[in-house]
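Subject: Structure handover

Hello,

Here is the structure for your files. My notes on it follow below.

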Amino acid sequence: MAPKVTLHYFNLRARGELIRWILSYSGQEWVDHRIEFAEWPAIKATTPFGQLPYIEIEGKEPLAQTYAIARYLSRQHGLAGTNAWEEGQVDALADYAADAAKGFSTYVQAFMAKDEKKAQAAREEYTGTTVKPFLSTFEKTLQHNKSGSDYLVGTKPSWADFVVVQLLDEAQRLKSDLLDPFPLLKAHQDRVHNLKGIKEFLAKRPETPL
């Protein structure tokens, strides 16, 4: 049995959600320690880099940085690709999705600052222009997966599938019909949402603004 993992992150989806999905899919025992903003000043100096998220695993030092954690856990639980080449493809797609999310951060900053005018402008730019080329690329990736599977790389789900679907989820919160021109992505999103472990996690996930 894998040692218990504790994830420390704010009570938000954001950078912690990918790790939550990986752990939920893995079936291993884990703790979702959600930190409120009021608690953060007292906790910050005790974290590895003065940042969240980080994980603690019984018998090991804490591990920080979202993608470092994701890669480590994915290798442990069969979500990193079945060989070195697939692992490279998975990493490339996850990094590309991170590029797509950069435009979303402009909206988040305006939202957190409660600047409704800037938030609306950022929302329109992101959903109307910025994210669409990325969605087209992911649609083509699914179409051209030579294995004929329902996932982005090879024949099994990977953490890149989780990254992309979370990108889709957040973008759809800003524009509900955004995926209408991308039927393969819509089907992929539904498929990942219904994976064992993730489906159960989503059913009980607390509602948060981000």
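In which loop is Pro-53 found? Pro-53 sits in the loop between H2 and strand S3 (54-57), and a cis peptide bond with omega of about 5° joins Leu-52 to Pro-53. Helices (H or I, at least four residues) and strands (E, at least two) are DSSP runs, numbered from the N terminus.

Some conventions before the rest. The model is predicted, so local features need pLDDT of at least 70 and side-chain atom pairs count only at pLDDT 80 or more, while totals for chains, interfaces and linings use all residues. Residues are numbered from 1 along each chain as its sequence is written, and side-chain values use heavy atoms, with hydrogens and water left out.

Strands and crossover

S1 (residues 5-10) and strand S2 (residues 30-35) run parallel and are joined by 6 bridges; two strands pair if DSSP finds at least two bridges between them. Within this pairing, Thr-6 stands opposite Val-31 in S2. From S1 the chain passes through H1 to S2, a β-α-β crossover that is right-handed (with the strands pointing away from the viewer, the path from the first strand over the helix to the second runs clockwise).

Helix H1 (residues 17-26) has 8 of its 10 residues buried, so the helix is largely enclosed by the rest of the structure. Buried means under 20% relative accessible area, exposed over 50%, and partly exposed in between (1.4 Å probe, protein chains only). Among the buried residues of H1 are Glu-17, Arg-20 and Trp-21. Gly-27 follows H1 and has a positive phi, near 80°.

The UniProt record, in an unreviewed entry, lists residues 3-81 as "domain: GST N-terminal"; positions are in the numbering used here, the feature name is shortened, and such annotations may be inferred rather than shown by experiment. That span is 32% helix and 23% strand, and its end C-alpha atoms lie 22 Å apart.

Aromatic pairs

Searching the whole structure gives 12 aromatic pairs. Rings of Phe, Tyr and Trp (its six-membered ring) pair if their centres lie within 6.5 Å; planes under 30 degrees apart count as stacked, over 60 as edge-to-face and the rest as tilted. The pair of Phe-10 and Trp-40 is edge-to-face, because the ring centres are 5.4 Å apart and the planes stand at 75°. Phe-10 belongs to strand S1 and Trp-40 to helix H2 (residues 40-43), so the pair links distant parts of the chain, 30 residues apart. Both Phe-10 and Trp-40 are buried. Ring pairs also link Tyr-9, Phe-10, Phe-37 and Trp-40 into a cluster.

Tyr-96 and Phe-134 form a tilted pair, with 4.7 Å from centre to centre and 45° between the planes. Tyr-96 is in helix H4 (residues 84-112) and Phe-134 in helix H6 (residues 132-143), so the pair ties together parts 38 residues apart in sequence. Tyr-96 is partly exposed at 26% relative accessible area, whereas Phe-134 is buried at 15%.

Backbone points to check by eye

Gln-65 is not a glycine, yet has a positive phi of about 80°. Gln-65 is in the loop between strand S4 (63-64) and helix H3 (66-76), and counts as partly exposed at 39% relative accessibility. Lys-114, also not a glycine, has a positive phi of about 60°. Its place is the loop between H4 and helix H5 (116-130), and Lys-114 is exposed, with a relative accessible area of 74%.

Regards
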